[in-house]
Amino acid sequence: MNIRSLWLAGIGLMAGAGPASAAFDVTAAKAGVARILEAEYPRLDALYKDIHAHPELGLTEVRTAAKLAGEMRAIGFEVTESVGKTGVVAIYKNGPGPLVMVRTELDALPMEEKTGLPYASTAKQMWNGKEVFVDHSCGHDIHMASWVGAAKALVALKGQWRGTLMFIAQPAEESAGGPEDMIADKLFERFGKPAMGFALHVGSEPAGQVSYKPGVLTSNSDSIDIQFNGRGGHGSMPSAAIDPILMGARFIVDVQSVVSREKDAGAFGVITIGAIEGGSAGNIIPDHVRLRGTVRSYAPEVRKGLADGIRRTAAAVAAMAGAPAPDVKIITGSTAVVNDDALAERTGAVFKAAFGDNAVRDEQPGSASEDYSVFVLAGIPSMYFGIGGGDPAKIAEAKAKGLEIPFNHSPQFAPLPGPTIRTGATAMTLAVMNVMQP
Ligand SMILES: [Zn+2]
Ligand SMILES: [Zn+2]
């Protein structure tokens, strides 16, 4: 995913937040977590570098899943493998209390790593019929190490919280379908429906930073592909033809009134037609014209309203011309991740208490796409947050030289493991403990 703008949007923006749970002593808990992670860090570092050097593409994460399953069993979780193909579910029961989900992704990307790190990936795999390099250049390996670190800390501190942990490792975030596969494999029927869920993503901001935002975090992104079907003929005799170019032109103008007149004026929504294909010469009316575009929104009702308006406008334009019905395809892309407001504020207050100025409250949603939204839409109130992974010294050097800082999906993306994993594991542990106070 491209999360750069998501986290960049939040840099420097901070605001007050609601109180943490009254019973939760964040400072004491953070000190406890720090003690445990200090002792555990060498193992987490080794796990991270091992996973990083052995990345696997979506739905082939067999080695990675087995590795995590082994780690979680060693901590004391009941582990089930192959949930939704390569997914892992790890359960830890600790008395009466809520069922809380913590999710990591398992998959890497089909690209070559160029960081030059000693533990850099040289792995190759077959992908769509050809051999490709594989690299954890979205940082899902950081998420896995943080996930295991949080599990270790939570179990070590089990006297300070009550309830059941449901740690899940999800396949195929980059190639899509992972959460759907796990849910179709009866994730919630077999293991229970979580009262709430947490997930995190690493970005290129300085390691040690945590960012959070209530409400909408990313946008819905859908594509449209429309063909207007006319009847070709001579340019000098339009009455003997049905002109699809005119239909396309009318549609491009009229569809903007769906945005300006039908959508709530205060709600975010965009329709852009980015490609027109049709015709071959100025004196020939072609048979058809094809338009392609993108549709963006945050709210589900806006998304549906824009799609309805696009279909209606296209049908009306064709009807006006006396033409056959147009072929309208609206291809659903990623759905916005929407954080639960109360859970995000409650967790953000804990982050502020734990990390001070390093806890940054984002004010604007980003352009990222992320399939964690599938779990939110399945009815799990959630808090998805960001952690920085950049080496502060390298960020300062890049800024001084006016250079771009490598971000997710760049072959140079190289999070600094120590502070990044410690921060991810600490933030996740505190977020979970906060909602599981006895
Ligand atoms: Zn990604
Ligand atoms: Zn990612």
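In this predicted model, the centres of domain 1 and domain 2, taken over C-alpha atoms, are separated by 41 Å. Domain 1 comprises residues 4-218 together with 335-435, and domain 2 spans residues 220-331.

**The four-stranded sheet**

An open sheet is formed by four strands in the order E12-E14-E10-E15, with antiparallel pairing. Strand E12 (269-278) and strand E15 (327-331) each have a single partner strand and stand at the edges, so one side of each is left without a neighbour in the sheet. On average, neighbouring strands of this sheet are turned by 15 degrees against each other, direction ignored. Strand E10 (residues 220-229) pairs with E15 in the antiparallel sense through five bridges, and within this part of the model lysine 329 in E15 is the bridge partner of aspartate 225.

Two helices are described in relation to these strands. Helix H7 (residues 244-254) packs on the sheet and touches E10, E12 and strand E14 (288-297). Helix H9 (residues 300-320) lies across E10, E12, E14 and E15. Their directions are set out below.

| Helix | Residues | Reference strand | Angle between directions |
|---|---|---|---|
| H7 | 244-254 | E14 | about 15 degrees |
| H9 | 300-320 | E15 | about 165 degrees |

**The hairpin of E1 and E2**

Strand E1 (residues 78-83) pairs with strand E2 (residues 87-94) in the antiparallel sense, and four bridges join the two. Opposite valine 79 stands alanine 90 in E2. Three residues lie between the strands of this hairpin, where glycine 84 adopts a positive phi near 65 degrees.

**Nonpolar cores**

The largest nonpolar core has 79 residues, of which Val100, Val102, Phe167 and Val432 touch the most other members. Leaving aside residues up to four places away in sequence, valine 100 touches Gly163, Leu165, Met166, Pro194, Ala195, Met196, Val432, Val435 and Met436. Another core, of 17 residues, lies apart from the largest one; Phe228, Met247, Leu291 and Leu306 are among its members.

**Helix H13**

Helix H13 covers residues 417-435, 19 residues in total. From its first C-alpha to its last, H13 reaches 27 Å, close to the 27 Å expected at 1.5 Å a residue. Of the 19 residues of H13, 17 are buried, so the helix is largely enclosed by the rest of the structure.

How values were computed:
Residues are numbered from 1 along each chain as its sequence is written. Chains are lettered from A and ligands numbered from 1 in the order in which they are written. This is a predicted model: local features need pLDDT of at least 70, side-chain atom pairs count only at pLDDT 80 or more; totals for chains, interfaces and linings use all residues. Domain bounds come from an automatic or database domain assignment. Two strands pair if DSSP finds at least two bridges between them. Axes are lines fitted to C-alpha atoms, for helices over the stretch in contact, and angles run from 0 to 180 degrees between N-to-C directions. Two residues are in contact if their C-beta atoms, placed from the backbone, lie within 7 Å. A nonpolar core is a set of buried Ala, Val, Leu, Ile, Met, Phe, Trp, Tyr and Cys residues joined through C-beta atoms within 7 Å. A residue is buried if 20 or more other C-beta atoms lie within 10 Å of its own, exposed if 12 or fewer, and partly exposed in between; C-beta atoms are placed from the backbone. The expected span of a helix is 1.5 Å times one less than its number of residues.
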